[in-house]
There are 2 protein chains.
Amino acid sequence: MDKQNLLEMIFRKKYEEYREATEELQPADLARILDQMDKNNRLVAFRLLKKDVATEAFAYMDPDIRMDMVEGFTDAELMRALERMSLDDATDLLEDMPASVVKRVLAQSDPKTRESLNRLLHYPEDSAGSIMTPEYVRLRSTQTVTEALNTIRQVGNKAETVYTCFVVLRSRLVGVVSAKDLLLANPDDKIADIMDDNIIFCRVTDDQEYVSREMQRYGFMTMPIVDNEGMMVGIVTMDDAVDVLTEESTEDMQKMAAILPDDDAGSYFNTSVWVHAKQRIPWLLILMLSATFTGLVTQHYEAAFTALPLLVSFMPMLMDTGGNCGNQSSTLMVRGLALGEVSTGDFLKVLRKELGVALIVGSVLGVVNGLRIFIMYRSSYPNDIVNYVLVVSISLFFAIILAKFVGGMLPLLAKRLGADPAIMATPFITTIVDAGALVIYFTLASWMFQLPK
Amino acid sequence: MDKQNLLEMIFRKKYEEYREATEELQPADLARILDQMDKNNRLVAFRLLKKDVATEAFAYMDPDIRMDMVEGFTDAELMRALERMSLDDATDLLEDMPASVVKRVLAQSDPKTRESLNRLLHYPEDSAGSIMTPEYVRLRSTQTVTEALNTIRQVGNKAETVYTCFVVLRSRLVGVVSAKDLLLANPDDKIADIMDDNIIFCRVTDDQEYVSREMQRYGFMTMPIVDNEGMMVGIVTMDDAVDVLTEESTEDMQKMAAILPDDDAGSYFNTSVWVHAKQRIPWLLILMLSATFTGLVTQHYEAAFTALPLLVSFMPMLMDTGGNCGNQSSTLMVRGLALGEVSTGDFLKVLRKELGVALIVGSVLGVVNGLRIFIMYRSSYPNDIVNYVLVVSISLFFAIILAKFVGGMLPLLAKRLGADPAIMATPFITTIVDAGALVIYFTLASWMFQLPK
């Protein structure tokens, strides 16, 4: 079943067949087909769906396309779509909508939903609060297993998950019990006896990536979230956590590649050429202007390379290798920090590790590069060949030490200062390492060749 | 409760207190504390744990440390640890162990476990087979809901999850039913009536990242896996899928940073300086030697820059900006391919998008850079300033076009040829763009300034 099949049914007015076919599809697959249609066909195809099929598919559609569709929705359609979505998904959608639409939606919601939506809309972006849902199964510790299962049957359809249930006493979380525990327990057991009262939880203000990594570490499918007074306010489920982890990895990759992440930008093709340019120009400009500095360093040694023009041809190798070395270290730091393998207190440990690696890497590359220069230039520059080999290889060695030092330390320093380590990573490091490597190179060359200053 | 507290209890021989304290901890937290201990304390602390606490914590420990501990285990301890792990985790552990140990383990396992382990050990690395487990709940379509719940109660403790159950007929998967459906259904309903028979599955030979992304897309917590004959052979659960996604993102980041991923390497600090160096040297060497090529290009234009030494000082800016631009495009491609947003058939669409972006970016950067050069050098080079501005800005413009073209196309081409797009990304692109940018620059300069060749 693909886009063509479905559109054909619509064009031939075989609406019954269309409804049956779409009902058979997985919501995620139907959503993908709708995503691929053009704007007008999409709205028609969407309106011809059975109501619950439509709302289910809607939740899986591309966020940008969803926003687009909402603009064509009647109020009734919008309310229905939102009602069927879980509260956290509905909040995500509302967050991107114009204030007037949000107001209208809130006015028409029932008071309880309105209160929940309002609260969710106020949590800071990227906090646990922004991805949690208040729809979870609450149990009491005095219930029996049979009573608990009945509670699940009553509220299960409205809860985001029934597989982890939370035992709450006066809004405080006192225990956790899984549906598996309930199914395997004796029907007359008391919840108090089978629940786990050694509870792991996160706070509503915790960073969403931290919460998601904690869930991964503990192997949890659901994480309870408490507010600053210790009251249970919601849960984060694994499907949202996985999306957060994917998003955060993408953002880190983009930042390391000097791209400004844009929360409003969609997937690669759904982002316009203008938005792409807007995401890419700022850092390129900053880096281009900071390379002016490297240019001035070069200009300072003009006398050296006009006397010995061959020096210029080793510049690209020196700068690229330095940049690559720094990049390796900073990438390992950024990822290590994101995964919690490295923390900001590890300055000395990282320093020791990176300097050790730099000594080995610098020696190997220095020797190989020396050999390469010796073989390539020994016949053209028989008198100076040893000097060239020594100048380039020794500079390379120290450029690598510098690169690994800066690449290892700068992300940690950024994190310690509350800045984003990924932003500091590739771009800044390249500029520092480039300029540093050239200073080492030309200073050494001027000295060894006894060049005019 | 931390390392110090626990070690103190052991040193003071308060074993009962130690056992109680460790039993209260989450397995993941206990595992982390054990990870932090030194080798000898760790084995003592581990052996003093209650047996089931020990085996649960073992499953959460750092894989490298686990391998280390296994070497000190008696056969009985090893068998017990493996028995309590799920089969997929046990397979992971066995995969890294010496063949002699594996043989001993298999010989001592019961025949059924041996058969399963043997089969799992033979699936290719990174395939769905290598992360799946055969321990799932099988139901029959003729069962009633009550009977199905009884089946879950009987086999639930040995299954990896009870929340998604699979309806199997002569080894073929005919339907899926969730524990939620079972809990909310009428006790006398037949499974055939409530099961979903429109089944999404993956194949045992599918790539593990593909399977994990499909699970994310469909919002599945469990994915059924069938073999080439269509027989159901196991399930992949979300906890393993999340680990795969994290691992694959880390690997892509490493490859883009010219680091050779090493499956046997542990976290940053658990990897020795030698292994770090081994992961970093090969690509640095290749790139260093390929920068020789850029060096030769430079050397070719020696006459140009000895006549006009100022030309050299714009080289770093030109090379860095070109590299950064290519990097942006290739990063977007590598991530887009990994997330399934971009496919290898999208050559033309990518080309159009990247060239559009390149035109905007090239124009903006060209103009800003022209202004910068004009302001900085107009008094020192009053006669040639217009030529310098034009040469540098026009070269920059075309270097950006080249960078976006190569950065956008090379990863797609790599993927199409069955190679790894991340490997082609940053490193190769830099070399091509560097050399290309310098050729454009010096050719244009020679022509505009009418320099000797």
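Helix axes here are lines fitted to C-alpha atoms over the stretch in contact, and the angle between two of them runs from 0 to 180 degrees between N-to-C directions. With that in hand, welcome to a predicted model of two chains.

Let's start where the chains meet. Helix α17 (residues 273-300) of chain A packs against helix α21 (residues 347-377) of chain B at an angle of about 35°, and their axes are 9 Å apart. The crossing of α17(A) and α21(B) is right-handed. On the α17(A) side, the residues that meet α21(B) include Val273(A), Ile281(A), Leu284(A), Leu285(A) and Met288(A). Among the residues they face in α21(B) are Val357(B), Ile360(B), Val361(B), Val364(B) and Leu365(B). Arg280(A) and Arg372(B) belong to this contact too.

Now for the whole interface: 88 residues of chain B are in contact with 88 residues of chain A. On the chain B side, helix α17 (residues 273-300) of chain B gives the largest share, 16 residues.

How are the two copies related? Chain B is superposed on chain A by a rotation of 180° with 0.0 Å of shift along its axis, at an RMSD of 0.1 Å. The two copies are thus related as by a two-fold rotation axis. In chain B, Thr306(B) has the C-alpha nearest that axis, 2.7 Å from it. Of the interface residues of chain B, 100% are also interface residues in chain A, so the copies meet through the same surface.

Away from the interface contacts, here is the layout of a single chain. Chain A is divided into domain 1 (3-123), domain 2 (138-237) and domain 3 (273-448). The C-alpha centres of domain 1 and domain 3 of chain A lie 51 Å apart.

One more helix deserves a look. Helix α22 (residues 385-416) of chain B has 32 residues, and its first and last C-alpha atoms are 46 Å apart, close to the 46 Å expected at 1.5 Å a residue. After α22(B) comes Gly418(B), with a positive phi near 80°.

Technical notes: Residues are numbered from 1 along each chain as its sequence is written. Chains are lettered from A and ligands numbered from 1 in the order in which they are written. This is a predicted model: local features need pLDDT of at least 70, side-chain atom pairs count only at pLDDT 80 or more; totals for chains, interfaces and linings use all residues. Domain bounds come from an automatic or database domain assignment. Helices (H or I, at least four residues) and strands (E, at least two) are DSSP runs, numbered from the N terminus. The expected span of a helix is 1.5 Å times one less than its number of residues. A crossing is left-handed if the near helix is turned anticlockwise from the far one by less than a right angle, and right-handed if clockwise. Two residues are in contact if their C-beta atoms, placed from the backbone, lie within 7 Å. Copies are superposed by least squares on the C-alpha atoms of residues with pLDDT of at least 70 in both.
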